[in-house]
Amino acid sequence: MAVVRIGTRASTLALTQTGHVAQDLARLGGLEIETVHVRTEGDRLTGSLASLGGTGVFVTALRDALLDGRCDVAVHSLKDLPTAPAPGLTIAAVPVRQDPRDALCARDGLTLRTLPPGARVGTGSPRRAAQLLATRPDLEVVDIRGNVDTRLGRVAGAGHGPGDLDAVVLARAGLARLGRLDAVTEELDGDVMLPAPGQGALAVEVRTADLTGPATPLASALAALDDRPTRLAVAAERALLGRLEAGCAAPVGALASLASGGTGHAGESLRVQAVVARTDGTATLRRELTVAADEALRGSASPAASEARLDERGAAAAGTELADLLLAAGAAELAPVGPSA
Ligand SMILES: NCc1[nH]cc(CCC(=O)O)c1CC(=O)O
């Protein structure tokens, strides 16, 4: 494969993300990369259909382009990717994750604490709405759609018009990639707002067939681009979402992070936090768990204990277990999650 074609949607965010991955692959594999624009249902049909992005319209067109051979590599925002595997395709790299937090972008430097009573905050995400209202039940959450610039433009003082909102909530990662961190007035920590599973991370997908057989420069570049801590964290978060049988539009937040063991300490451990909320914020259910790689070796004097490593399957099992804890605690009574959803 002399030239590698990388497929992207035409949105600024998609172009930026894909551009970064293309540069990395070119550098790591000495590859020549060509960018192919793929038009998606979600781009063609604007307005409320853009809200279907989460259900996979953006993803499907890129996957079709991969399977048809119109491109060789596709870059997705991991949080927009359905949890079900795509036959014939493999997520060959999960690059280092950006800061996964949500960010409040408010007028006049306001924060979640200092927004005036009844302030109007824009978001189209039930997950964000629920967690905002859980902290500040007085807020008026306004359903908004559109790309990042459109949303930021609705904040008073941010655009050229008057702005009809006091604030919007967006993924910090998207703002960072677009060079719009200047709009952030507060980063929302996990105790206030847990991000969408996979938020801030990318998935680099290729045809499975291109990874089998003798190693190619593309395959080795993808392996070098992959970040194991991110891959494990995202595996846990997505397994949780899958077990809850909830889509990315569900009021479910999750965040996992890998801590490495050090000399004289236990081996690595993965902490997974999750929340399921009633959309109006009147009830939230939070649980967390930590799994350690050295569980089997605990108590032994073996030096292997400090070097024990988790694998993707173990990470996914942790996510599934946490989902089961949430279901056992009544998550299905709060939100449309679980087998009957
Ligand atoms: N739902 C849209 C979407 N998909 C990915 C990002 C960018 C951040 C990321 O990579 O998680 C965004 C924008 C947002 O939620 O603010």
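This briefing covers the folds, the ligand shell and selected residues of one protein model. The model is predicted: local features need pLDDT of at least 70, side-chain atom pairs count only at pLDDT 80 or more, and totals for chains, interfaces and linings use all residues. Residues are numbered from 1 along each chain as its sequence is written. The protein has 10 helices and 13 strands; helices (H or I, at least four residues) and strands (E, at least two) are DSSP runs, numbered from the N terminus. Of its 341 residues, 45% count as buried, a residue being buried if 20 or more other C-beta atoms lie within 10 Å of its own, exposed if 12 or fewer, and partly exposed in between, with C-beta atoms placed from the backbone. Among contacts in the protein with a separation of 6 or more, 72% join residues 24 or more positions apart; two residues are in contact if their C-beta atoms, placed from the backbone, lie within 7 Å.

**Ligand shell**

- The ligand is surrounded by 10 residues, and the closest are Ser77, Leu170, Ala171, Gly174 and Gln199; a residue is near a molecule or strand if its C-beta atom, placed from the backbone, lies within 6 Å of it.
- By type, the shell residues are three nonpolar, five polar and two charged. Here Ala, Val, Leu, Ile, Met, Phe, Trp, Tyr, Cys and Pro count as nonpolar, Asp, Glu, Lys and Arg as charged, and the others, Gly among them, as polar.
- Domain 1 (3-95 + 201-226) and domain 2 (102-188) each give at least three residues to the shell; the bounds come from an automatic or database domain assignment.

**Sheet β2-β1-β3-β10-β4**

- Five strands form this open sheet, in the order β2-β1-β3-β10-β4 and with mixed pairing; two strands pair if DSSP finds at least two bridges between them.
- At its edges are β2 (32-37) and β4 (89-93), each pairing on one side only.
- Neighbouring strands are turned by 35° against each other on average, direction ignored. Axes are lines fitted to C-alpha atoms, for helices over the stretch in contact, and angles run from 0 to 180 degrees between N-to-C directions.
- Strand β1 (residues 3-8) pairs with strand β3 (residues 73-77) in the parallel sense over two bridges, and isoleucine 6 stands opposite valine 73 in β3.
- Helix α1 (residues 12-29) lies across β1, β2, β3 and β10, and runs at about 160° to β1.

- Strand β5 (residues 102-106) runs antiparallel to β9, joined to it by three bridges; aspartate 102 has leucine 188 in β9 as its bridge partner.

**Strands β11, β12 and β13**

- Strand β12 (residues 269-277) is mostly covered, with eight of its nine residues buried.
- β12 pairs in the antiparallel sense with strand β11 (residues 252-259) over eight bridges and with strand β13 (residues 284-292) over nine bridges.
- Serine 269 in β12 is the bridge partner of alanine 259, and alanine 292 in β13 is also a bridge partner of serine 269.
- The hairpin of β12 and β13 has six residues between the strands, and glycine 281 there takes a positive phi near 80°.

**Two loop residues**

- Proline 195 is in the loop between β9 and β10 (202-207) and counts as buried because it has 24 C-beta neighbours inside 10 Å.
- Not counting residues up to four places away in sequence, proline 195 touches Pro100, Arg101, Asp102, Gly200, Gly253 and Leu255.
- Aspartate 108 lies in the loop between β5 and β6 and counts as exposed because it has 12 C-beta neighbours inside 10 Å.
- Most residues other than glycine have a negative phi. Aspartate 108, although not a glycine, has a positive phi of about 55°.
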